[in-house]
Amino acid sequence: MARVLVNGEWFEQVAPTALYEGEFENIFLQNAAHVFPEFHVVPFKCLVASEFGSQKPDLALVDKRYRSWWVVEVELAHHSLTRHVLPQVQTFATGQYDDYHAQHLCGSSVLHRASVQNMLKGQPPQVMVVVNAPCPDWSLALRRFNALVTVFEIFRSRLNRQVFRLNGDQPALATDVISACEFDRSIPKFLRLLSPAAFPHADGSDAHITYKGALTVWKRVDVQDSVWLIPAGPNPLPGGTRYEIITDESGALSIRPCP
């Protein structure tokens, strides 16, 4: 079993089978602010339904700028991939999220209700599995759902102090990107915002966005489950590609094709 020496004190790795899932989840949640400082980590134990059935996740990871979010399932490494982990990830990755889920996200006072509702009008969440030991076969099997597998290992000393090792996948966000966006094939002139909560203009207002050095004007239009940017005049952007809206230090907006 692995050991870690910290300031003269030895920490022994806690065996993957030595904890109940609830214990592991609580330890992770207590330390999540240090593990993911750019995100809010909140309880999210509500039913998520998809064509593959219904499941309850454990937590949610929300970008502090409300650009994107992850549904989090906390698992023990000895649980069955095919019978337990895979069905949950499949459901969360294809689930439908609406105001019911916004209410549960905002059960903690940490999150801003209007921003969460706006966030849910954008792209659906990704899925993250937090596990207490490396599981290489999990990452391979869950890749088709674009799921992250984060390894959070616990080490404990004889004085019952704890240290942690983070491994595997971690979410990353570009600091200057406000939102990815894409055209709808059925409405070629409408550009859909995939992270509308971070966009600094309200419904019905005009946004001035620079594209290739030229200023373009777009109106934001919110509907029930989507947020669109509609150009004032001819569409200045070529279709068939994805874009991202970025900001500089002054707050000026520009748009570019996604890398």
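**View 1. Cys 46 and Cys 106 in the predicted model.** Cys 46 is buried, its relative accessible area being 0%, where buried denotes under 20% relative accessible area, exposed over 50% and partly exposed the range in between (1.4 Å probe, protein chains only). Cys 106 is also buried, at 17%. The structure contains zero disulfides, a disulfide being a pair of cysteine sulfur atoms within 2.5 Å. For Cys 46, the closest cysteine sulfur belongs to Cys 106 and lies 11 Å away, which is too far for a bond. This is a predicted model, in which local features need pLDDT of at least 70 and side-chain atom pairs count only at pLDDT 80 or more, whereas totals for chains, interfaces and linings use all residues. Residues are numbered from 1 along each chain as its sequence is written, and side-chain values use heavy atoms, with hydrogens and water left out.

**View 2. Confidence along the chain.** The chain has a mean pLDDT of 93, and 100% of its residues reach 70 or more; pLDDT is the predictor's confidence in each residue, from 0 to 100. Among the elements of the chain, the highest mean pLDDT (97) is that of strand β8 (residues 126-131), and the lowest (89) that of strand β12 (residues 187-193). Helices (H or I, at least four residues) and strands (E, at least two) are DSSP runs numbered from the N terminus.

**View 3. Surroundings of Leu 105.** Leu 105 belongs to helix α3 (residues 99-105) and is buried, with a relative accessible area of 0%. Apart from neighbours within four places in sequence, Leu 105 has contacts with Val 42, Phe 44, Ala 60, Trp 69, Leu 111, Val 116, Met 119 and Leu 120; contact means heavy atoms within 4.5 Å. Between the C-alpha atoms of Leu 105 and Val 14, which are 91 residues apart along the chain, the separation is 31 Å.

**View 4. Surroundings of His 40.** Strand β3 (residues 39-43) includes His 40. The residue His 40 is buried, at a relative accessible area of 18%. When neighbours within four places in sequence are set aside, the contacts of His 40 are Ala 60, Leu 61, Val 62, Lys 64, Val 110 and Leu 111.

**View 5. The salt bridge between Lys 45 and Asp 58.** The closest N and O atoms of Lys 45 and Asp 58 are 3.0 Å apart in this salt bridge. Lys 45 lies in the loop between β3 and β4 (48-50) and Asp 58 in the loop between β5 (53-55) and β6 (59-63), so the pair ties together parts 13 residues apart in sequence. A salt bridge is defined as a side-chain nitrogen of Lys or Arg within 4 Å of a carboxyl oxygen of Asp or Glu, and by this rule the count comes to 13. Lys 45 is partly exposed (44%), whereas Asp 58 is buried (6%). A network of salt bridges links Glu 25, Lys 45 and Asp 58.

View 6. Arg 256 and Asp 176 meet through their side chains in a salt bridge, at 3.7 Å from N to O. This pair links distant parts of the chain, 80 residues apart: Arg 256 lies in strand β17 (residues 253-257) and Asp 176 in the loop between β10 (162-168) and β11 (177-184). Arg 256 is partly exposed at 30% relative accessibility, and Asp 176 is partly exposed at 28%. Arg 220 and Asp 222 form a salt bridge through their side chains, at 2.8 Å from N to O. Arg 220 is buried at 3% relative accessibility, and Asp 222 is buried at 19%.
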